[in-house]
Number of protein chains: 2
Amino acid sequence: MTYCVAISVDAGICFIADSRTNAGVDNVSTYSKMHIFGVDGERQMVVLSAGNLATTQGVISQLKKDIKMGAGRHLLNMPHLTDAADYLGDVSVAQQSKHTGGGANYEASFILGGQIVGQNPNAYLIYPQGNHITTSADTPFLQIGESKYGKPILDRILSLDSTLETAALCGLVSMDSTIRSNLTVGPPIEVLIYERDSFTADRYYRFEESSEYLRALSRSWDVKLKEAFSGLPPIAWSANWDEVGSRQR
Amino acid sequence: MTYCVAISVDAGICFIADSRTNAGVDNVSTYSKMHIFGVDGERQMVVLSAGNLATTQGVISQLKKDIKMGAGRHLLNMPHLTDAADYLGDVSVAQQSKHTGGGANYEASFILGGQIVGQNPNAYLIYPQGNHITTSADTPFLQIGESKYGKPILDRILSLDSTLETAALCGLVSMDSTIRSNLTVGPPIEVLIYERDSFTADRYYRFEESSEYLRALSRSWDVKLKEAFSGLPPIAWSANWDEVGSRQR
């Protein structure tokens, strides 16, 4: 499994990805799911991947090959980010269609985000079918992989005016909740912060399993969450009491 | 969809269920998913249901009919709770096998919990296949339906020595997170608190959509969670900085 999230706020985009892949619980490996494409000063794009590892590797390899070979369409010559998302969707669908059978699931999902000079930053979630969605003011984030455990905190904290630091911290807390509930999501955690109009991808960070900060964050969130819980109003039992009779259905 | 949880602690068992069912988002109804069977002073059992509504209604109806008709096996004559769980599994499998085709999913899951005099309280999750699992000291809860959004808070707060009040409050917070993230889970919320060795099911509560307490709890948890988040240690960027070179994969 995998958990990747992209948070698109006014100040830019924060990308976060775990690095664990597994084919069964007895075959766990570490692979980066964050891939960076760009030309400094002109365009920067980040691709996050989830799903069948053979498919995602095939897609990323094709993206690189198309750039190298100067194919008709590639990530560095698409006029708009939506065109880049269309192109990535086409590559993904083509790659998935190469393999069938064996009871395996060959599907893959991607997040593509970044900025092309003269345009606004943007992020897209590309479904296995090749179509895509983007973020909104109410939902300034996109998730792929094991997305449910970590969604409630994103829902509550994030808005378009969140800083990139808040976005990154919220994404790490979301990742921490997911790691705690699903064994197949795990460190190293990769973080890339793209600042609007910077056209560089140099704010890249990697938190290893041994990261003192990740552990401190996890402990701290545990303590804070328990404090938050203990401060809740006690249940108003009497107001919600039902006569015994009413439960006899 | 549905979200039901049973929390089994030393002091007893707390059962919580939402009441929303849907066949598509344009066909949403309210049905109770909590069913109480028992003989005061002798045995009490609570059944929570999730899955295909025709299946769950068929199963509950069969459970009642078997009691009324004095069938060979019914919930009120099983010697142990595990026997009751086996019986419920058999009824569920038989009910599911009656209908096939049409592209529908006829599966259903159940939680059965309670106590028979002379034995300890216990709770079981009964899978669509009829087999079942129970709780443990490390995982003192069982969930059916849309379980992921609400799991992180249960993982962090609950232990065997939690009070029944803490268990109920934690279950309501877990329910609140689920309702916020999944439209097909919603109030009224039913809560039943079974106190060990009480052999009665009279602590039954129902929180309507208009419940002032539910709204206050939701607002309060929102505020407390944001406070908890704002108290986290800022990200130690420098310690996790990777040279630009190392990201060129």
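1. Helix α1 of chain A covers residues 53-69, which makes 17 residues, and from the first C-alpha to the last it reaches 24 Å. That is close to the 24 Å expected at 1.5 Å a residue, where the expected span is 1.5 Å times one less than the number of residues. Helices here are DSSP runs of H or I with at least four residues, strands are runs of E with at least two, and both are numbered from the N terminus. After α1(A) comes Gly70(A), with a positive phi near 60 degrees.

2. A word on how to read this model: it is predicted, local features need pLDDT of at least 70, side-chain atom pairs count only at pLDDT 80 or more, and totals for chains, interfaces and linings use all residues. Residues are numbered from 1 along each chain as its sequence is written, while chains are lettered from A and ligands numbered from 1 in the order in which they are written.

3. Which residues of α1(A) are buried? They are Thr55(A), Thr56(A), Gly58(A), Val59(A), Ile60(A) and Leu63(A). Buried means that 20 or more other C-beta atoms lie within 10 Å of a residue's own; 12 or fewer is exposed, in between is partly exposed, and C-beta atoms are placed from the backbone. An α-helix has 3.6 residues a turn, so residues three or four places apart point the same way. The cover over the buried residues of α1(A) includes β5 (34-39), β6 (43-51), α2 (81-97) and β7 (108-116) of chain A.

4. Now look at the nonpolar core, a set of buried Ala, Val, Leu, Ile, Met, Phe, Trp, Tyr and Cys residues joined through C-beta atoms within 7 Å. The largest one has 137 residues, and those with the most contacts inside it are Leu48(A), Ile111(A), Leu48(B) and Ile111(B). Leaving out residues up to four places away in sequence, Ile111(A) touches Cys4(A), Ala6(A), Leu48(A), Ala123(A), Tyr124(A), Leu125(A), Leu142(A) and Ile144(A). A contact needs C-beta atoms, placed from the backbone, within 7 Å.

5. How many residues does each chain bring to the contact between A and B? Chain A gives 47 residues and chain B gives 47 residues. On the side of chain A that touches chain B, the elements giving two or more residues are α3 (151-157), α4, β12 and α5 (212-230). α5(A) gives the most, with 12 residues. By class, this side has 25 nonpolar, seven polar and 15 charged residues. Ala, Val, Leu, Ile, Met, Phe, Trp, Tyr, Cys and Pro count as nonpolar, Asp, Glu, Lys and Arg as charged, and the others, Gly among them, as polar.

6. Finally, two backbone details to find in chain A. The peptide bond from Pro187(A) to Pro188(A) is cis, with omega near 0 degrees, and Pro188(A) sits in the loop between α4 (164-181) and β11 (189-195). Phe199(A) is not a glycine, yet its phi is positive, about 50 degrees.

Definitions and conventions: Two residues are in contact if their C-beta atoms, placed from the backbone, lie within 7 Å.
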